[in-house]
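Student: Could we go through the salt bridges of this model together, with the cut-offs stated as we go?

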Amino acid sequence: MADFWFDPACPYTWITSRWMLEVEKVRPVTVRWHVMSLSVLNEGRDDDPEGDPEGYLWVPVRICVAAERRYGQQALARLYTALGNRFHVGSADWHALPDALSDAGLPPELAEVGMSTDHDDAVRASHAEGIGLIGDHVGTPVISVAGADGKRISFFGPVVSRIPRGEQAGRLWDGTLLVAGVPGFHELKGTPHEEPVFDDLE
C-alpha cells in the first residue's frame with residue numbers, strides 16, 4: 001500500500017499521481033489517496049508562493065475531503081482524476097467543479113461545500129498526517145510506503161514533467177524507494193524543471 005497525499009491544484013503532483021497509476025500496473029502496489037493543502041502549508045508566510053491571496057485553493061481540497069467522507073476512497077480517486085482532466089489537461093477554471101464532480105459520478109451540488117469551512121478541520125488533519133511524515137519543508141505530493149523491514153519510507157515527489165510508463169514507471173518506483181530508504185537520505189535533484197506535459201495521457 002502506498003499512501004499518496006496531494007493538492008489537486010498542483011499540475012506536477014497530477015503527473016506524479018498518473019505515474020503511480022502506472023506503477024500499480026507493474027508492481028504489487030495499491031495507491032491510497034489523501035488530501036493535503038498548499039493553503040495550509042503556506043499559512044503564516046509573508047510571501048504567497050501559490051499566488052492565491054483570496055484563498056481559493058481551499059475550495060477543491062474541501063470538496064475532495066467531503067467526497068471521501070461521504071462516498072469513500074474510490075470516489076476520491078475518481079474525483080482526483082476528473083479534476084486533473086478538467087483543470088490540468090483541459091485547462092478549465094475552477095468554475096467547472098460541478099462538471100468534474102459529474103465526471104466522477106458524484107453529485108454536482110457537492111461543489112457547494114468548497115465555499116464552506118465545515119470540512120476545514122478534516123483538511124487540516126489529513127494534511128498534518130502527510131506532512132508529519134516528512135516535515136513542512138516540502139510540498140505536494142508526499143508518498144509513504146512500508147519498507148522491506150516494515151518501517152515507513154516517506155518522501156516528497158518525485159517531481160516529473162512527463163508520465164513514466166510501463167517498466168520505466170516501475171524502475172522509477174524501485175529507485176525512489178531505494179534512495180529514500182537509505183538512512184539519513186535528505187535530498188536529490190535533477191535538471192531544471194520543464195513545464196508539465198499532458199499530451200501523452202491515455
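Tutor: D3, R32 and R152 are linked in a network of salt bridges, a salt bridge being a side-chain nitrogen of Lys or Arg within 4 Å of a carboxyl oxygen of Asp or Glu. The model is predicted, so local features need pLDDT of at least 70 and side-chain atom pairs count only at pLDDT 80 or more, whereas totals for chains, interfaces and linings use all residues. Residues are numbered from 1 along each chain as its sequence is written, and side-chain values use heavy atoms, with hydrogens and water left out.

Student: How many residues apart are D3 and R32?

Tutor: The side chains of D3 and R32 meet in a salt bridge at 2.6 Å, N to O. D3 belongs to strand β1 (residues 2-6) and R32 to strand β2 (residues 31-35), strands being DSSP runs of E with at least two residues and helices runs of H or I with at least four, numbered from the N terminus. The pair links distant parts of the chain, and the separation is 29 residues.

Student: Is D3 buried or exposed?

Tutor: Buried means under 20% relative accessible area, exposed over 50%, and partly exposed in between, with a 1.4 Å probe and protein chains only. The relative accessible area of D3 is 6%, so D3 is buried.

Student: Which residue forms a salt bridge with R165?

Tutor: The closest N and O atoms of this pair are 3.0 Å apart. R165 lies in the loop between β4 and α7 (166-180), and its partner, 143 residues apart, in helix α1 (residues 11-26).
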